[in-house]
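Hello,

Here is the structure for you to look through. Please open it first, then read my notes below.

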Amino acid sequence: MKKIALVSTLALILTACGGGSDSSSDNGNGGDNGNGGAVTAPAAVKGTIDSVDTVKSKIVVNGYSYDVAGVVYGNTQLNISDLQSNMMVQIGGAQKAAGVQVNLEPTITGTVTAIDRVAGTFEVNGISLTYKLSNEIELGDWVMVSSLPTADAGYKVLSVVKFENDDLINHYEVEGRLSNLDNNALSFKVGAALIVDYSAAHVEDNAVLANGQWVEVEGSMNVNTLEATSVEVEDYSDLANDTEVEGIVTWVDAQQTAFELNYQGRFVVNAQTKFEDGFKADLKQGALVEVTSVKQGAQQVATEVEFDDDNATGDDNDNDNVGSWKEFEAEGFATSVNATDKSFVITTAGKAITIYVDAKTQFEDRLQFDTIDQQRIEVEGVVINGQNIAREIEADND
């Protein structure tokens with residue numbers, strides 16, 4: 001396989017702080033802590049590549065160096081020379097002498113159908129994206145796009161890589177937040193605009209689809225509709241203990257005892273949670289973090305939250321939409337409960353607020369959506385594309 005081009009990566013590279021290592025300072029055990037002591041790589045890692053050393057067959061992900069034994073995307077074997085900085089990857093298992101397998105985890109794969117070099121935008125799979133493409137990438141090229149989520153459940157592009165490979169070209173994949181689910185038409189949207197027809201799709205693990213889930217969809221494009229062959233719900237319920245995940249904080253509760261990462265899953269914060277390169281007070285929507293966690297019962301408990309350097313100083317946190325992240329709180333009687341679109345209304349200070357329930361909403365105090373009508377409740381949530389989406393609903397006993 002021949003790689004044609006890599007789009008220049010972000011000026012502010014998302015370097016991880018965890019191991020403090022790079023390919024030249026690796027001690028063979030996952031990194032160096034800067035004081036001569038070894039830092040053990042996490043059991044598994046999901047994040048962006050910091051650097052690649054093709055001569056030594058090493059890559060650095062989230063600050064930890066790994067010997068690479070193999071590279072794979074789906075069922076296609078690739079080479080370490082195919083890896084570039086800011087590509088999203090997943091690595092299972094700690095550093096081993098024999099090396100690890102690197103799984104590519106792009107957000108979007110497909111054909112470039114529009115480019116506006118003046119505006120710095122392009123389109124893949126009917127999704128408009130903002131990024132300054134290399135002049136070597138042209139209309140009709142097949143690309144892998146790696147990204148982080150934005151406030152409107154869109155995509156902050158980190159890298160765009162062009163491939164020429166018969167096993168990859170015409171493979172279309174999109175990850176994103178599911179919305180506008182229509183169980184009659186067997187369709188939904190991913191992100192803000194892409195329509196997915198899942199009438200002929202295999203839904204992995206027989207999952208029940210619901211608004212608010214983060215899904216990975218594969219299929220073929222028919223104009224601007226993705227005709228799905230498979231749909232998989234992505235969350236963090238099956239994370240192995242001590243896995244480190246990089247991402248954007250997409251919601252934090254008022255007490256900062258729980259937060260959501262990448263719209264995919266919730267982590268609990270307790271007295272044992274360590275904060276690196278920042279403080280608990282820095283845990284806010286839009287923060288770029290690396291989270292290590294363990295499973296305790298049904299909860300994923302954060303053992304360490306490491307902030308990007310810029311987050312700790314209060315500067316730009318590598319997300320252009322940081323000012324657009326919004327949360328809300330409301331309390332009052334739930335009225336106008338609508339089972340069709342899973343919504344209800346709370347009237348506060350004479351203003352009616354419509355609130356939606358999705359797959360990430362958690363009910364407390366034995367409440368359920370079917371029982372909240374006329375109940376006095378407290379709601380915390382996030383604003384996505386102008387909609388108030390509940391994250392926690394509990395009884396208001398005051």
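**Aromatic rings**

Start with the aromatic cluster: Trp214, Tyr263 and Trp325 form one together. Keep in mind that this is a predicted model. The count of aromatic pairs comes to seven.

One of these pairs is tryptophan 142 with phenylalanine 163. Their ring centres are 6.2 Å apart. Planes over 60 degrees apart count as edge-to-face. Tryptophan 142 sits in strand E11 (residues 142–149), and phenylalanine 163 sits in strand E12 (residues 155–164). The two are 21 residues apart, and their pair links distant parts of the chain. Both tryptophan 142 and phenylalanine 163 are buried.

Phenylalanine 188 and tyrosine 198 make another aromatic pair, and this one is tilted. Here the centres lie 5.5 Å apart, with 40 degrees between the planes. Phenylalanine 188 belongs to strand E14 (residues 187–190), while tyrosine 198 is in the loop between strand E15 (194–197) and strand E16 (202–203), so the pair ties together parts ten residues apart in sequence. Phenylalanine 188 is buried, and tyrosine 198 is buried too.

**Charges over rings**

Two rings have a charged side chain to look at. Lysine 342 places its charged end over the ring of phenylalanine 369, 5.5 Å from the centre. Arginine 376 lies over the face of phenylalanine 333, at 5.6 Å from the ring centre.

**Cores**

In soluble globular proteins, nonpolar side chains tend to be buried together. How many residues does the largest nonpolar core have here? It has 30. Val160, Phe188, Val217 and Val231 have the most contacts inside this core. A second core is separate and has 24 residues, including Ile49, Val61, Tyr66 and Val68.

Is strand E24 mostly covered or mostly open? E24 (residues 299–307) is mostly covered, with seven of its nine residues buried.

Strand E22 (residues 274–276) runs parallel to E24, and three bridges join them. Look for lysine 274, which stands opposite glutamate 304 in E24.

Strand E23 (residues 288–296) runs antiparallel to E24, and eight bridges join these two. Valine 289 has phenylalanine 307 in E24 as its bridge partner. E23 and E24 form a hairpin, with two residues between them. Glycine 297 is in the turn, and its phi is positive, at about 65 degrees.

Best wishes

Note on methods
Residues numbered from 1 in each chain as written. Predicted model: local features only at pLDDT ≥ 70, side-chain atom pairs only at ≥ 80, totals over all residues. Heavy atoms only, no water. Core = buried A, V, L, I, M, F, W, Y, C linked by side-chain atoms within 4.5 Å. Buried < 20%, exposed > 50% of the residue type's maximum accessible area, 1.4 Å probe, protein only. Helix = DSSP H or I, 4+ residues; strand = E, 2+ residues; numbered from the N terminus. Pairing = 2+ DSSP bridges. Phe/Tyr/Trp six-rings, centres within 6.5 Å; stacked < 30°, edge-to-face > 60°. Lys NZ or Arg CZ within 6 Å of the ring centre and 35° of its normal.
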